[in-house]
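Hi everyone, thanks for coming. Let's have a look at this one together, and I'll talk you through what I'd pick out.

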Amino acid sequence: MSRLSRNLATIVAVALVALTLAPPAISSAAPPRPTTTNIAGGAAGWLAQQLKGGTHLVFPGTTFVDYGGTADVAFALAAARVGRSTIHDAVSYVGAHLDEYADYSGGQGGPYFGSVGKAAVAALVDGRNPNNFGGHHLLTELKADECPTKSSTSCVPGNNTGIFSSVSTSFIVIAEARGAKLDGGQFAPSANLESFFLSLQCGDGGFSSDLPADDPCQPDVDATGYALMALQALGGHAAQIKKAASWLVSQRNADGSWTSQGGKNIDSTALATAGLRIAGRTTAKSVGWLRAQQVTTGPTVGKGAKRGALRYQGKFDPASSIKGTADAILGITRSSLATLDLTAVRADLPVLALAVPHVRHAKVRPGAKEMVTGKGFAAGERVLATIHAKSVRSAVANDNGTVSLSFTVPKSMAKGAHTMLLTGHRSQLRSKASFVIR
């Protein structure tokens with residue numbers, strides 16, 4: 001090869017490397033990210049971003065997997081009717097790690113049969129058979145662990161071991177009642193389990209979270225919400241449902257919320273709302289309160305994303321808002337774990353749509369200086385402004401996802417209404433602003 005040929009080859013190689021390493025051009029022609037104005041759908045879009053690798057949650061500040069929380073995300077997405085493949089991936093992750101979740105080996109004090117019950121419900125929601133899930137026959141395991149009929153000094157007939165709240169009992173009841181319809185009546189809740197579960201209802205109608213119920217019985221909002229779902233799964237029990245609903249109504253605040261765990265919170269309000277729906281009670285005010293808790297400021301995707309989440313006890317908290325938002329979606333959509341499935345669940349997983357950008361002047365003249373401000377983009381991403389598909393200006397969004405672009409109105413633009421499109425480079429989030437040329 002001649003020296004000239006070698007030099008040309010080197011130049012071409014360098015150019016190719018430069019093309020490879022250069023950042024992709026900003027273009028508004030790329031497919032936009034799916035968005036929604038639906039509050040539950042936007043909340044689900046934020047929630048899905050919290051899954052590591054799109055499959056599981058970890059406890060904030062740790063590397064430990066939150067298997068129960070991962071199932072809650074799957075429930076929330078199913079209730080919002082979005083993210084079919086993400087639901088499947090999350091449930092698959094739980095199934096692949098059942099030994100760790102339920103601690104079958106007993107290395108961490110297990111086995112935990114509340115985890116077994118919740119995993120079984122997750123499988124059912126995803127359309128799977130809990131009797132063939134993650135290498136386990138979950139309903140058989142729940143039955144085998146149930147305290148026997150004969151008197152025992154170590155357990156209460158109908159109860160399972162390794163559970164610490166009546167919420168776990170509700171999950172077991174739901175799993176067995178739903179599973180029996182799928183895999184045979186022998187897996188239906190036993191008379192002992194049903195009797196034990198009903199014993200957790202206090203005299204005033206609310207359900208205790210304690211196992212067994214304390215004397216005097218202390219009702220709990222969250223436990224009662226889950227218990228109403230379990231009663232729905234069992235079928236019948238109209239008197240118990242009516243009594244539980246009446247207690248929840250008696251505890252409801254004037255604004256439609258419920259107070260628990262130190263304040264008004266989305267968790268308790270959502271679970272109570274879902275429970276009241278089962279009883280046929282009015283829930284519009286409570287749903288309205290939940291909807292009003294959605295965060296509408298800050299980045300929508302990426303680092304520091306919070307738009308779409310719901311505030312826990314009045315403020316956004318990266319940890320508490322995850323579980324709270326998952327439960328809140330159940331309340332907003334009035335969904336029940338007794339019936340939740342993937343019917344009508346879409347494949348796409350949208351995020352909360354951006355608000356309309358603010359143009360400093362609604363009416364401008366050709367050649368005038370103007371400014372437009374858009375919010376909700378990813379922190380630190382470059383945002384491109386285009387008019388009629390022609391680039392006008394770009395700028396970088398701040399840490400809060402807000403970008404302000406100053407531009408000169410093209411002198412060639414005709415009078416009348418025009419639209420400016422703002423497009424985030426990384427997020428592909430888009431928003432449109434309108435202005436009129438005089």
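This is a predicted model: local features need pLDDT of at least 70, side-chain atom pairs count only at pLDDT 80 or more; totals for chains, interfaces and linings use all residues.

Let me start with a cluster: Y67, Y93 and Y101 are linked by ring pairs. For a pair, the ring centres of Phe, Tyr or Trp (its six-membered ring) have to lie within 6.5 Å; planes under 30 degrees apart are called stacked, over 60 edge-to-face, and the rest tilted.

Residues are numbered from 1 along each chain as its sequence is written, and side-chain values use heavy atoms, with hydrogens and water left out.

So, how many aromatic pairs are there by this rule? The count is eight. One of them is Y67 with Y93, a stacked pair at 6.3 Å centre to centre and 25° between the planes. Y67 sits in helix α3 (residues 67-80) and Y93 in helix α4 (residues 84-96), so this pair ties together parts 26 residues apart in sequence. Helices here are DSSP runs of H or I with at least four residues, strands are runs of E with at least two, and both are numbered from the N terminus.

Buried means under 20% relative accessible area, exposed means over 50%, and partly exposed is in between, using a 1.4 Å probe and protein chains only.

Now over to F407 and F435, a tilted pair: 6.5 Å centre to centre, with 55° between the planes. F407 is in strand β14 (residues 403-408) and F435 in strand β16 (residues 430-437), so distant parts of the chain, 28 residues apart, get linked. F407 is buried at 6% relative accessible area, and F435 is buried too, at 3%.

Zooming out, the chain has 14 helices and 16 strands. Its C-alpha trace spans about 90 × 65 × 35 Å along the principal axes. Of the 438 residues, 50% are buried.

And how far to trust it? pLDDT is the predictor's confidence in each residue, from 0 to 100. The chain's mean is 91, and 92% of residues reach 70 or more. Residues 1-24 stay under 50, though, and the model gives them two contacts beyond four places in sequence, a contact being heavy atoms within 4.5 Å.
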